[in-house]
Amino acid sequence: MNFQDLLLMQHELLLTLAALVVLCVEIFSPENNKRMVVPLAVFSMLLIAAVSFFFPTSGKAFGDMYQSDTLRGAMKSVLDIATLIVFLQSYGWVNKEENRNKISEFFIIIFSSLIGMNFMISSGDFLMLYLGLELATIPIAALAAFDRYKMKSAEAGIKLILSSALSTAILLYGLSMIYATTGSIYFDEVRAAFKPDALSVLGMIFFITGMGFKMSLVPFHLWTADVYEGSPIAVTSYLSVVSKGAAAFIFTFVLYTVFPIASEIWLQVLVVLSIVTMTIGNLFAIRQGNMKRFLAFSSIAQAGFLLLGILGQGQLGMGTVIFFLLVYVFTNLAAFSVVAAISDATGKEDMTDYNGLYKTNPNLSLMLMLALFSLAGIPPVAGFFGKLFLFSAMASKGYYIVLFIAVINATISLYYYLLPVRAMFINKSDNPIEHFKSNIYLKIGLGISVVGILLTGVFSIVYEYLISVSAGL
Amino acid sequence: MEHIPLQYFLILSTLMFFIGVAGFIIRRNLITILMSVELMLNSVNINFVAINRYLYPDQMQGHFFSLFIVAIAAAEASVAIALIINIYRRFDTIEVTEVKEMKY
């Protein structure tokens, strides 16, 4: 253990530094002048993303508890981009009158939760995974209740912390069973000692259950819609993209690297979970009127599609999962940014409020349409390629019945993704939302998302890079 | 210590875990729900410590894991209690049946 080993954790250390800098600015700046906090946070996030992308590290530290390689580095970069866009889109909301005295808190808490996710991604044993998971989840629960004078926000916070505590307890109980049978908590040693006997498999199922809560797969999804609706939009988008993406990555990674011997069993579990998740998520999304709730159920359905990629197994499975997550980051954040812009300007969040939006705000309408097309998977945009690769990865392993159900679900999803499009472009409204100008930060964020939606699918280099870093799984 | 078989500890921890699960589902008071979660986490602690002591006495992983669980559980409880206080200020109650702004 020397200084060189410590620098393996450059990404986490830089994030810690950024959180501390924001904290110092909060302390030393005058009470009513916190203007520089948002540019500072955005700039440091950009810097961290650039440093960790251009200077990747690789190696192991702390007795293999912390591991870093190009695959994990790629996933961290995806999360960096997502957090950057979340920061940009939150500008209008954190600068509102009621939030102005707690601007820095938002960024500090997001930074610390991102540190947790990075440790979770880099974990080499179950203890590190658990610590990262908790460090990622507990701050988000505080953020969900950020608008603490709103009843809905308070309710969202308590629902998130209690359901995540329950899921963590279940996950830990599973880990204690795995420890009992294998005698270790390190990924490598568990992999070597793991035998698919009854107790180990039960432990594995508990682990899948606990991670299923975090990813909001269907039997464990009941908290999702309420928390997404009650939280402020910036927190909702962070929760639906970054938090879910990190959990999905480490879930896939652990299944592939720790439990390959029991793959027959978890593949069956995943088949059932993905079918149920896609179907329930889609069917419930149809009847939602609130845009945040609508996007919550859509994100549940997307998690179901994500599981299909895990069925692809090995290098192909991991590569498509990360690619889908990258596409999902751009797509979902574009949709949330438009919802956030409209909510910041008018406070309206219902789908019926969007009637006639195209007449008054054509640019926002077009961007929301693009994002929804990408979520539905309509060809020229990235969402299509994400789904295509997932489906082909799964079909290459011979899951034709699941593929059939997935295609039916994709068709159902097309229906409800077009509902807001119809509201904006076709429905008439007597008093539509008036024309308004968004701030420059949100415009930049939306711009990044739209460029991502248009280009990630077409430039195959992205997909090839992600496949190449997943080699050896 | 040696004459208490491992099974006793495991039975105790399993009972504790499922009492916790039942409490989480049945109870209507937010503080009691939080206590149920703590019960579940403590049953995991018993599991780790007992398994480590009886099955793998030459290493320490289980002991340290349970120490970390205790610390994290404290952090989690502090945030949860802060949120419960916030709920009490907004709703004037901590009964979950009353906290129903969002449904369906």
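Trainee: What covers the buried residues of α13(A)?
Mentor: The cover includes α10 (198-215), α12 (233-257), α14 (291-311) and α19 (400-425) of chain A. Helices here are DSSP runs of H or I with at least four residues, numbered from the N terminus. This is a predicted model, where local features need pLDDT of at least 70, side-chain atom pairs count only at pLDDT 80 or more, and totals for chains, interfaces and linings use all residues. Residues are numbered from 1 along each chain as its sequence is written, while chains are lettered from A and ligands numbered from 1 in the order in which they are written.

Trainee: And which residues of α13(A) are buried?
Mentor: Among them are A:W266, A:L270, A:L273, A:T277 and A:F284. Buried means 20 or more other C-beta atoms within 10 Å of the residue's own, with C-beta atoms placed from the backbone.

Trainee: How far does α13(A) reach?
Mentor: Its 24 residues (263-286) reach 34 Å from first C-alpha to last, close to the 34 Å expected at 1.5 Å a residue. The expected span is 1.5 Å times one less than the number of residues.

Trainee: OK, over to α19(A). Where does α19(A) bend?
Mentor: At A:L419, by about 30 degrees, and a proline, A:P420, follows within four residues. That bend is the angle between axes fitted to the seven residues ending there and the seven starting there. A:P420 is also one of the buried residues of α19(A).

Trainee: What do the buried residues of α19(A) pack against?
Mentor: α13, α14, α16 (357-360), α17 and α18 (382-395) of chain A.

Trainee: At what angle do α17(A) and α19(A) pack?
Mentor: About 170 degrees, with their axes 9 Å apart. That makes α17(A) roughly antiparallel to α19(A), a label for angles over 145 degrees.

Trainee: Which residues make that contact?
Mentor: On α17(A) they include A:L368 and A:L372, and on α19(A) they include A:Y417 and A:P420. Contact means C-beta atoms, placed from the backbone, within 7 Å. By class, the residues divide into 11 nonpolar, 2 polar and no charged.

Trainee: New topic: how many residues of chain A are in contact with chain B?
Mentor: 30 residues of chain A, in contact with 32 of chain B.

Trainee: Which helix gives the largest share of the chain A side?
Mentor: α8(A), with 16 residues.

Note on methods: Two residues are in contact if their C-beta atoms, placed from the backbone, lie within 7 Å. Helices (H or I, at least four residues) and strands (E, at least two) are DSSP runs, numbered from the N terminus. A residue is buried if 20 or more other C-beta atoms lie within 10 Å of its own, exposed if 12 or fewer, and partly exposed in between; C-beta atoms are placed from the backbone. Axes are lines fitted to C-alpha atoms, for helices over the stretch in contact, and angles run from 0 to 180 degrees between N-to-C directions. Angles under 35 degrees count as roughly parallel, over 145 as roughly antiparallel, 65 to 115 as roughly perpendicular and the rest as oblique. Ala, Val, Leu, Ile, Met, Phe, Trp, Tyr, Cys and Pro count as nonpolar, Asp, Glu, Lys and Arg as charged, and the others, Gly among them, as polar.
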